[in-house]
Structures are given as C-alpha cells and as structure tokens.
Amino acid sequence: MKFIKTAFIVVLFFVLAALGTASLLTLYFWGRTRLDYLLLYVNNTQGAGSFIKYTFIVCCTLFPAVIAAGALWAGNKLRLAVGLLLAGLFIYTFQIDSFITGKISTTQIYEKEYISPANINLSPEATKRNLVVLYIESLEADYADADGINLIPRLSALAKENYSFPGFYQLFYTDATISGQAAGMCGLPFKAELDNNNLFSLLNNNLPNARCLPDILKENGYNTYFIKSGSLSFANTAGFVKEHGFDLAEGVDELIRHYPGVTKKAAGNDWGIKDSVMYEIAKEKILRLAAENKPFLVMITTVDTHEPTTFLDPSCPQKFGDKRDIVFCADKMAADFLDWLQKQDFYPETTVLVLGDHISIGKNSVYPEKTERKIFNMILNPVGGLIAQPHEWTTLDIAPTVLAALGFDNNGMALGRSLWKKEATLKEKYGQKLDLEFNKNSDFYRRLQTPENKETKAEAAWAALGKQITAAEIKAYTPLFQESMDTIWADQLFLKTDPNPPAGRLCLEAEFIIFFADTRKPEKIAISLNGRPLGSWNITAAEKAPFKRTICFNVENNEKNGLFKFSFQRDATITKLRFISTGFRKFRLYPNDNNKK
C-alpha cells in the first residue's frame, strides 16, 4: 500500500509539474492561449524550431522530476498548495474555463452567416489573372511608425500607392501562421471541435469539406504552388495546403532535397532556411509557371522574422542591434522581390497580395507597451473598377476580397465579406462577441472539419432518373446541411445517375421551403450545375409553401459521366442574419419527355 501511495504522489506531481512548466514557458514565449491550440500543436511538433522544441523537452522533464521527488518529502498542506498552484497555472494559461464554457455552448453563427463558395465564378467580362500571395511572418503595419522610425519604408510606400485596408482586428482562432492562413484562404476560423470519436483526424484538421480560395482557382484552371522557408510538417501545414488546391508544396525539407546547390549553405533561424534563398527559388518557380501560359497562384511564406529566434540576413546591415534590424531587412527583401515581379512581362495580368500572417504573438519587443496592433496588408494591381470601403475587418475577409480583386465577383465567402463592398463584416455586426461565438460548439463547423463527411461521398450517392428523393434521404446527397422542421437545409445537391443519359434535356424538380427577408418582395434562388449557371427560381410570399419548381437543361459533354453537382445561392437577409440555404423536402432528376413530366 505504501508503494502505491508513493507511486501515486510521484506520478501526480510529475504530471502537474509538467503542465505547470509548459504553462510558464507558454506564458513567457507567447502569452495566454487555448487548450485546443495546445492539442493541435503538440500533435504536430515536427518542424518546430529546435530552440523551442528542446527548451520545452528539457524543462518539462527536469523540473517535474525535481518537483515530484520533493513532493515525497513535503507535508500534505504543502503538497495541496503546490498542486493547486500548478493546476491553477495550467487553467489560467490555456483558458480551461473558457474552453469548458465553449464546449457546453452552441453557436448558430455558421447557419446564420455562412455564404457558400459554391457559386463564386469569374465575372464574364474578366480574364483570368495570376495571383501571388506573400505572407511575411508577423509583419505589422505599426512598424511604419516604431517610436518615430519607419522600419518598413519601402513596403509602406507601396501600400500608400496601392490598396491597403485599415481597421484590422485579430480573432482568437486566426492568431498563428497556419490558423491565419487557413482563415485567410477559407474564410473560417481554424479550431478543433473535439467532441468527436475520431480525435486524431480532428487534431490534424484540414477543413476537408471547406471550399477555399486555392480550391476555387484550381477548379478554374490555375496552376498552384506553395513555398515556405520553414517546415511544412509543423502544425500539419502540408496536409492543409495539399487538401486545398495546391499542386505542389515545398518547405525547408523539400527545398533542401530539390535544390541542394543553393540551400546547403542557406541556414537561417532554426525554423528553416533564410528567406533570401527562398525568394530566389520562388522567382524561378514563378518564371516556370508563367511559361506554361496558364494562370497561376503562388503563395509564399517567410520565417526570418519568426520569434523567438529571428534571423538577420548577412546581406542586411546591422543598425539597431535588435529585432528592428530583422524587420528592416524583411522590408528590403520583400520590396526587392516585388520590384522584380513588377518588371516581368506577365505582371500586367498579375494581382499581388502582401500581408502579415498574424500580429507578433504576445508583446512585440519593438513597442512592448502597444496592445492595439494590426497586420500589414496591401493589394497591388487588382482588376479595375474596385473601390476600397472603410471597414472593421478580420482575417476571415481576405479570401472574398482577393477573389474580387481577381475578377471573381462575390457577396462574400464562408464567414468573410469583401472589403470592396459596403456590406458589414462579421466584426462590424458582432463586435467583441465574435470571438465568443467561435469558442462555442458548432455541428456545422464539425461537418466542415470531419473527413467522413467529405464531398466525394455525396458525389457517389446514386439516384436513378425519375426516382423521387425524400427528405429522409436528402442528407446523402449534400456535403453540408442543417436538419430542422423535417426539412434538409442545404445549398448543394450532388447525385450520380446513369452514365450517358438519354439524348435531349434533363429536368430537376424540387419541393422546398424558404424564409423571406421581406414578404413584399420576391426571393430568387440562383442555380448552377457543375459550375455553370442554369438560371433561377423566383418565389413570392403569396404562394403557398412548400414551393415546387423545375429547371431543365442540356447535358454537356463533361456531365455525360452521370455526375451532377447542383448549387443553389440565395442572398436573403432577415434582421441582419443571412440565410444561404434552401429547405428541401423532395427532389428528382428526370428526362424531359412527355411520359415523365
């Protein structure tokens, strides 16, 4: 019995001390964070900077061992006090109280605000433009005036000459590199809904059911390339970018393997190779993509300014002897790259986005007392006719804004809103409550996150021509839905039927309900099939629900494999809440002949 008691005390205090030590290190390097972030990053530590990694390993082994040994000699009161202190430190650092509150609460923000990306298509009058996205690690707009010194003189000058959006606010779930990029590409926060059986999949969250900016460009014939000075293994970056439309992704490991001649002496900070070498490789890749005479997307991510082991490139002078030198150097290298880009023959058909992936985590040593900080952002060479509107905005709004800059007109994408339009962003509608909403559970978000709900399953759902599909069956034909009132609320229907359908036209017949934004005005549901517009259904409140509508169409060559992806887009707004889905009761696909109408 004494042995069991001793073993229990040692194990208990070792675990508590490990949690407490991890909490202290986290507070020192980054400040308070959240439990789900801890789980996400602990599960994907490969590629992390060696300084950070080994600091945590050594400290979280040695200190707990000492404390566990000391607990054997301490009295019960001291053990209780130390145990409560360590547990309290962990609860405070990782905001366990907020996490638990969120887990027992549910948000409807996705159902109210989500705008499906399904119908975002290139405007008929626009031509396909290249897109270059440059993420500069932790680059803040505030560096333009750091106690009277402009540390980003060239980038800030470019921003004044082009388009830059003030009014930025950083959300909880967009404040690290992968979460900032996921939010920027997909218009969604990046988190893990943990109350699911497949915990491993959720801790490797790639939002497999979200349609993101690279997905849209890839579907529109773009070549796509992602390059990063750091590791793609860290935080499962490789899994995310490969899930969402990138043909090729290269990080430090891939770059060293593919370009040994230029990378063997390219060591930078311990997160990866130096940015100057990565820029040169990116230029080479861009020239190759431009030579293929197809539009391209290139996304670049730097790491020289990555804390806590920032790196000053040897090509840059040392003026201040601190982080300011690294920021000044990052400005020079990014501006040199943009100068090169603007001299290329393909630049007139290229739009460029430059931004910080997030503000510097924790306090910024350049101005440690400053709390209200903003990421640097600018768009160069968008399509004509756009006027930047004043907004309070977040990372969620980047994707629809950039898509519009390319000529993909939209009313928003997922939870993002275009900053070229006057429609309020979610930050303007919800204010500080937006963070609280994202901390809560959401079945809608879980369906975006769960691999088992991936669209390929819905595409495989079989429906014989003429077969009536009822509400009980419709869930099998849509990747995302909300079920209420014996109705399936969705904005997409995917079905597979006989290859080489009968000659002539097919018709989709549907029975559905909708909510009206204004009963004095008709509602319109725009319909597309496999990305091409078919037409629309107009409904008035004077009609009796459920509504019945039919739309007929010619089968195109790419649809003769029997796969049909119908999308339904609405813009109804009810007391400032957006409803994007239609409540389907029944539908059927049938040949347009007199025998089956």
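Counting bonded cysteines along the chain, the disulfides of the protein follow the pattern 1-2, 3-4, 5-6; a disulfide here is a pair of cysteine sulfur atoms within 2.5 Å. A search of the whole structure finds three of them. The model is predicted: local features need pLDDT of at least 70 and side-chain atom pairs count only at pLDDT 80 or more, while totals for chains, interfaces and linings use all residues. Residues are numbered from 1 along each chain as its sequence is written, and side-chain values use heavy atoms, with hydrogens and water left out.

Cys186 and Cys212 form a disulfide with sulfur atoms 2.0 Å apart, and this link is right-handed, with 95 degrees about the S-S bond. Cys186 lies in helix H8 (residues 177–186) and Cys212 in the loop between helix H9 (199–202) and helix H10 (213–219), so the bond ties together parts that are 26 residues apart in sequence. Helices (H or I, at least four residues) and strands (E, at least two) are DSSP runs, numbered from the N terminus. Both Cys186 and Cys212 are buried, where buried means under 20% relative accessible area, exposed over 50%, and partly exposed in between (1.4 Å probe, protein chains only).

The disulfide of Cys316 and Cys329 also has its sulfur atoms 2.0 Å apart. Its torsion about the S-S bond is about 70 degrees, so the disulfide is right-handed. Cys316 sits in the loop between strand E4 (296–301) and helix H15 (323–342), and Cys329 in helix H15, 13 residues apart. Cys316 counts as buried at 10% relative accessibility, and Cys329 is buried at 1%.

In the disulfide of Cys507 and Cys552, the sulfur atoms are 1.9 Å apart. With 100 degrees about the S-S bond, this link is right-handed. The pair joins strand E11 (residues 505–513), which holds Cys507, to strand E14 (residues 547–554), which holds Cys552, across 45 residues. Cys507 is buried at 0%, whereas Cys552 is partly exposed at 25%.

What keeps Cys59 from a bond with Cys60? The sulfur of Cys59 is 6.7 Å from that of Cys60, its closest cysteine sulfur, which is too far for a bond.

Turning to the sheet, four strands form an open, antiparallel arrangement in the order E10-E15-E12-E13; two strands pair if DSSP finds at least two bridges between them. E10 (492–496) and E13 (532–539) stand at the edges with a single partner strand each, so one side of each has no neighbour in the sheet. E10 pairs with E15 (residues 563–569) over five bridges, and in E15 the bridge partner of Phe494 is Lys565.
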